[in-house]
Amino acid sequence: MAATAGVDSVLQECQQRQRPDGTAAVLAIGTANPANCLHQDEYPDWYFRVTKSDHLTTLKNKMKRICEKSGVRKRYFHCTEEMLAGHPEFLDPALPSLDARLAITADAVPELAAAAAARAIAEWGRPAADITHLVLSTSSSAQSPGPDLRLADLLGLRPTVRRTLLFFHACFGGSSALRVAKDIAESHRGARVLVAVCEVNSLLSFGPPQEARLDGLVAAALFGDGAGAVIVGAADDDQAEPVECPIFYMMSASQATLPGTEDALSMQLGDAGYDIGLSAKAPALVRDHIEACLANMVAPLGLTSGGCGGWNSLFWAVHPGGRAILDSCEAALALEPGKLAASRHVLSEYGNVYGASIVFVLDEIQRRRRRNGDQTERDDMLDCEWGVMLGVGPGVTVETMVLLHAAGKQDEY
């Protein structure tokens, strides 16, 4: 028994030395987009022209109505008209084009991710060599070694950086990557984790409209390309860096899958690239199940829908999966107008950028808070200390994280 007690004591001491004293926090955020920008009111004409589908007038008019109701104002794409002209196989589903598409994304993913990461590192204020872990999430690549290796090289990370690559998480990939980063930061003293989420799926999913696939029109009117990056770390009493300034504390994280919903949202990679499936029942699934998922997650923290102000007492970073998804969340949680303003803004200015979208939303919330601090008349909706980050994607998978704005908890740094 004495020997066992001695081993337990050693193990406990080792664990205490290896783990930081504080809670993981978002320390910096960066985003990036390709240069090619298309406005939504011009997109249907452009899309049907470059795919040589102008003769499908009924389908084109349907897409115009979809775009008008999408809540999207503009989007950014790595795919350009010149690129399409050089790859006629992208416009013919009968021709294999996957190899050519992946050859382009092999460079596009790490380069765009590096642009976002460079901005996050600059805001962080420490050298890139201080990054100990890299977590990259993408659905736009299918090679090994993966884009994480090239990204580490582009940023000048140390050869000892510990890399984790998340493939094909799609719209909840950013939330998953942040959850993994939280676990790493809270398990390794001194860890500083770079999270990068990059999607250039316009290269993998672009194709002509199909009369039998209206969900294809919705996808063509919704998704865009972009990258987001976040630095995550936890404070140590004896190693805290004065230069670091936490933005959000990552208080708890969870994931839930809605049973029997595997076909509601899907991405199938084939010879012609991605075949994206979007069921019309997806918004209703979110509306019917989201509150239960959230209640189970926040209850241990004493944050319940029945508390003072209910769900409106929190700030919200919701994945902008589409206008209908945001409307469903707002209705299910009885949120006040404006609670999802940051998510709706990101949807309007960038479209649905898959997993990177959630980083854009966090960045937008922080921008609005900074502007709010400079105004005489404050927006009370931006002053909530506690908040929820919510990702929704194929599965249907619901990824959630409770956040605490750093203004309400500054004692650790």
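Two strands count as paired here if DSSP finds at least two bridges between them. Keep that in mind as you open this predicted model, and let's start with a pair of strands.

**Stop 1: strands E1 and E7**

Select residues 24-32, strand E1, together with residues 226-234, strand E7. The two run antiparallel and are joined by eight bridges. For a landmark, click on Ala28: across from it, in E7, stands Ile231.

**Stop 2: the whole sheet**

Which order do they follow? Reading across, you will pass E5-E4-E6-E7-E1-E8-E13-E12-E11, nine strands in an open sheet with mixed pairing. The edges are E5 and E11 (315-318); each has a single partner strand, so one side of each is left without a neighbour in the sheet. From one strand to the next, the twist averages 25 degrees.

**Stop 3: strand E12 and its partners**

Go to residues 386-393, strand E12. Seven of its eight residues are buried, so E12 is largely enclosed by the rest of the structure. With E11 it runs parallel, joined by four bridges, and here Ala317 has Met389 of E12 as its bridge partner. With E13 the pairing is antiparallel, over eight bridges. Select Trp386 and you will find Leu404 of E13 opposite.

Next, look at the turn of this hairpin. Three residues separate E12 from E13, and Gly395 takes a positive phi near 145 degrees. The peptide bond from Gly395 to Val396 is cis, with omega near -15 degrees. Val396 itself lies in the loop that leads from E12 to E13 (397-405).

**Stop 4: helix H3**

Select residues 57-69, helix H3. Its 13 residues reach 19 Å from the first C-alpha to the last, close to the 18 Å expected at 1.5 Å a residue. Which of its residues are buried? Colour Leu59, Lys60, Met63 and Cys67 to see them. Looking down the axis of H3, you will see the buried residues fall within an arc of 100 degrees, so they line one face of the helix. As background, an α-helix has 3.6 residues a turn, so residues three or four places apart point the same way.

The other side of H3 has exposed residues, Thr58, Glu68 and Lys69. To see what covers the buried residues, bring in helix H2 (43-50) and helix H9 (214-222), which are included in that cover.

**Stop 5: the nonpolar cores**

Leaving aside neighbours within four places in sequence, Met63 is in contact with Tyr43, Pro44, Tyr47, Phe48, Leu217, Ala220 and Ala221. Met63 belongs to the largest nonpolar core, which has 55 residues. Along with Phe206 and Ile231, it touches the most other members. The largest share of this core, eleven residues, comes from H5. Another core lies apart from it, with 43 residues, including Leu204, Val286, Val298 and Leu314.

**Stop 6**

Most residues other than glycine have a negative phi, and most peptide bonds are trans. With that in mind, finish with a few exceptions.

- Select Ser144 and Pro145: the peptide bond joining them is cis, with omega about 0 degrees. Pro145 is in the loop between E4 (133-138) and H6 (147-155).
- Select Phe168: though not a glycine, it has a positive phi of about 65 degrees. Phe168 sits in the loop between E5 (162-167) and H7 (173-185), and at 40% relative accessibility it counts as partly exposed.
- Select Ala334: here too phi is positive, about 50 degrees, in a residue that is not a glycine. Look for Ala334 in the loop between H11 (323-332) and H12 (341-350). Its relative accessibility is 54%, so Ala334 counts as exposed.

Key. Residues are numbered from 1 along each chain as its sequence is written. This is a predicted model: local features need pLDDT of at least 70, side-chain atom pairs count only at pLDDT 80 or more; totals for chains, interfaces and linings use all residues. Side-chain values use heavy atoms; hydrogens and water are left out. Buried means under 20% relative accessible area, exposed over 50%, partly exposed in between (1.4 Å probe, protein chains only). Axes are lines fitted to C-alpha atoms, for helices over the stretch in contact, and angles run from 0 to 180 degrees between N-to-C directions. A nonpolar core is a set of buried Ala, Val, Leu, Ile, Met, Phe, Trp, Tyr and Cys residues joined through side-chain atoms within 4.5 Å. Contact means heavy atoms within 4.5 Å. The expected span of a helix is 1.5 Å times one less than its number of residues. The arc is that of the directions from the helix axis to the C-beta atoms.
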